[in-house]
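I am opening a notebook page for a structure that is new to me.

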Amino acid sequence: SAHIAVTQSGLETYDVQLRQYPLSITQNDLVTLTFWAKADAPRTIEVAIQKTVDPYTVYDYKTFNLSTNWQVYSIVFKANVTDTNVWPAFNLARTTGDVWIDKARFVSNPNARNIFFGAYVGGWIMQPPDFEPFETDAQKKLSIVMQYQHWGGTDGTQNFQKTWMDSVRNHGSIPLITWEPWDYTKGVNQPTYSLRNIINGKFDNYIKKWAQDSKAWGKPYFLRFAHEMNGNWYPWGEQVNGNQPGDYVKAWRRIRNIFSLAGVKNVTWVWSPNVSYPGSTPMSKVYPGNSYVDWIGLDGYNWGGSSWQSFDSVFRASYNEITAITGKPLMINETASDEIGGSKPQWINDAYTYELPYLYPKVRAITWFNINKERDWRIESSPTTQQSYADAVKNFIYKSNTYPTITKTPIPAP
């Protein structure tokens, strides 16, 4: 790391300056500077991305509040010019004291693309979604709001929920329903919800009613049926509950055909396996086929502790596996990190400011699982985590709630 001791303040912040050059930016590139910093006492520093020669044009500029603990910071902007003489300049002269800067990374990416910004924030499907606290903490509004519905409800929760869908739509966001064929209170072994029963038509009346209600609502939404089917923890997995190889694809196709025969045109179908692990069902064995799927997805978490993994470690192998099957647009349907075992703020910053924009070009949506469940997955698990998340998603590629009138189906990538 660089250790800068400022013994006398200056008239201008740039009287004491740490910089690196020459670097380049290209017009319309996504430009990202990420760095870690701390100080011997709370203070501010000013960071500029600017031309190295007169007139020293500043392309982007930000003031950061440093603390005595290491934290990650970033600047992200879209370049409006091409310039081969650029430096990131850390301006320190306003305040005396010691500052440490480490792990600085500067990237100019010509392939920036937009990504839907989503989350699951809990709540009950029979009530309007309460996404305001999350949006306040994230300092950004959601373009996708996810909710779960299981088939086994008897209190109305199993049905298409127009009120909830309207609330999300009126907020300018797109609903994402995870549609689960089980009774979530009864575990994995549920013969009633075997895939064979779906294939044999025992749930056709329920499916047809959902399809009709969906058609009546008429607005576009994502429907994610029977996710994580390559695992062994849900009754629709082919390794459990008496299911057989090939059953999942047959069940998926039957449901999709029922919707098609009913003339439903507002559903975007999302096929979403879990990240692969030793013993999981190969994704290719449970893929329904391009004519039956509109988007693909992945679920994956950093479980922390001694099993701490970066975002790239969680997703890389499965990203390669799933994108070899199909070129459909991809969403990260569920992800989050634990706090224990590493730096959750760094995990978030790396994922949202570097890995997703630069290493995962086929990802066009991401949904954060913001629940304190097996781990405290929430962005509010610590103040530094919350701030890191808010800083990361300020990136202009993460689209907010600008979709109150979207009409196209399948929903296109942003």
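Where is the kink in α6 centred? Working from a predicted model, I looked this up and found a kink of about 25°, centred on Y319. I then checked the span of helix α6, residues 311–325, whose 15 residues reach 21 Å from the first C-alpha to the last, close to the 21 Å expected at 1.5 Å a residue.

I turned to the salt bridges, of which the structure holds 15. One of them joins D83 to K51, with the closest N and O atoms 3.1 Å apart. Because D83 lies in strand β8 and K51 in strand β5, this pair ties together parts that are 32 residues apart in sequence. I also noted that D83 is buried, at a relative accessible area of 4%.

I looked up R196 and D247 as well, whose side chains meet in a salt bridge at 2.9 Å, N to O. R196 belongs to helix α3 and D247 to helix α5, so the pair ties together parts 51 residues apart in sequence. R196 counts as partly exposed at 34% relative accessibility, whereas D247 is buried at 3%.

My last entry is that R224, D299 and E334 are linked in a network of salt bridges.

How values were computed:
Residues numbered from 1 in each chain as written. Predicted model: local features only at pLDDT ≥ 70, side-chain atom pairs only at ≥ 80, totals over all residues. Heavy atoms only, no water. Helix = DSSP H or I, 4+ residues; strand = E, 2+ residues; numbered from the N terminus. Expected span 1.5 Å × (residues − 1). Bend = angle between axes of the 7 residues up to and from the residue. Salt bridge = Lys/Arg side-chain N within 4 Å of Asp/Glu carboxyl O. Buried < 20%, exposed > 50% of the residue type's maximum accessible area, 1.4 Å probe, protein only.
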